[in-house]
Amino acid sequence: MISFVGAGPGAPDLITLRGRDRLAAADVIVWASSLVPEALLRHARPDTEVHDSAAMTLEDVTGVYEANADARVVRLHSGDPSVYGAIQEQIDWCIANDRDFEVVPGVSSLAAAAAAVQRELTIPTVSQSVVLTRLAGRTKASMPERESVAAFAAHRATMAVFLSAARPGDLQDELLAGYPPETPAAIVVRASWPDERVVRTTVAELRVDLAATKARTTVLVLVGDALADLPAERSHLYSPNYSHKFRKARMA
Ligand SMILES: C[S@@+](CC[C@H](N)C(=O)[O-])C[C@H]1O[C@@H](n2cnc3c(N)ncnc32)[C@H](O)[C@@H]1O
């Protein structure tokens, strides 16, 4: 069995119980040292065979899977594997090679970054949508044209920008295509790691503030009015005037 396990955003206690159990039972682990802190490996047995995928190709990784046909293999991905996890090509390999596999979800860096800034990302009347996206990078051919940051910025929804911290100027320019300059933004570096940093800023100041962090990887940029330090309007769900399946309205 090959288990694609979400390691969570970095803190070793932000992996799921199921993910921790898979690590503890693993005979072989393939993990990305560039994104997953070594502390996560403490959940594994000391005699587990460990491969660092940082310098491996897909063929190297599937070569490990081939060489361990009867083993319990864990492929440890940062955050949740469904977001920029590059698991689909591995799932396709498992199907083509008739290998049993499972996906164990993880806590995405999106959730860890929201926790770090202590804001809900979906505030009634402000934003009810979160766009997870990135700048087109070196692999820009894989980015559908209609999905540019500028195109999404026009909606002014809450946005979480992954994989883009190395290009603060381009990011700011694309955001300004839709968000007013004073729109709040937060730069979250290594969310949940011991050296987590949060820089609160605006779209107008993002270029300077993001460059000043000197962080290029493991950075998530959150943007949108939901980040403004303002009291939110009450939700309908917990309003005494609002009836639903589990509670009748208490006031006229
Ligand atoms: C290859 S993607 C993987 C995303 C991951 N699957 C997830 O759910 O968070 C790597 C990018 O995720 C973001 N990221 C991952 N871990 C992070 C963390 N602890 N703090 C901030 N950003 C993080 C960064 O934008 C980084 O460039």
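Which residues in α6 meet which residues in α7?

## Helices α6 and α7

On the α6 side they are Pro168, Gly169, Leu171, Gln172, Asp173 and Leu175, and they meet Leu206, Arg207, Leu210 and Ala211 in α7; contact means heavy atoms within 4.5 Å. By class, this contact has 6 nonpolar, 2 polar and 2 charged residues.

Helix α6 covers residues 168-176 and helix α7 residues 206-213; their axes come within 8 Å and cross at roughly 150 degrees. The two are therefore roughly antiparallel (angles over 145 degrees count as such), and their crossing is right-handed.

## About the model

This is a predicted model, in which local features need pLDDT of at least 70 and side-chain atom pairs count only at pLDDT 80 or more, while totals for chains, interfaces and linings use all residues. Residues are numbered from 1 along each chain as its sequence is written, and side-chain values use heavy atoms, leaving out hydrogens and water.

## Helices α2 and α3

Helix α2 (residues 58-67) packs against helix α3 (residues 88-96) at an angle of about 40 degrees, with the axes 11 Å apart. Leu58, Val61, Thr62, Tyr65 and Glu66 of α2 make the contact with Glu89, Gln90 and Trp93 of α3.

## Around the ligand

The ligand is surrounded by 18 residues (a heavy atom within 4 Å), and the closest are Pro9, Val83, Ser109, Ala191 and Val219. A backbone N or O atom of Val219 lies 2.7 Å from an oxygen atom of the ligand. For Ser78, a backbone N or O atom is 2.9 Å from a ligand nitrogen atom.

Technical notes
Axes are lines fitted to C-alpha atoms, for helices over the stretch in contact, and angles run from 0 to 180 degrees between N-to-C directions. Helices (H or I, at least four residues) and strands (E, at least two) are DSSP runs, numbered from the N terminus. A polar contact is a pair of N or O atoms within 3.5 Å; within protein, one must be able to donate a hydrogen and the other to accept it, and residues adjacent in sequence count only if both atoms are side-chain atoms. Angles under 35 degrees count as roughly parallel, over 145 as roughly antiparallel, 65 to 115 as roughly perpendicular and the rest as oblique. A crossing is left-handed if the near helix is turned anticlockwise from the far one by less than a right angle, and right-handed if clockwise. Ala, Val, Leu, Ile, Met, Phe, Trp, Tyr, Cys and Pro count as nonpolar, Asp, Glu, Lys and Arg as charged, and the others, Gly among them, as polar.
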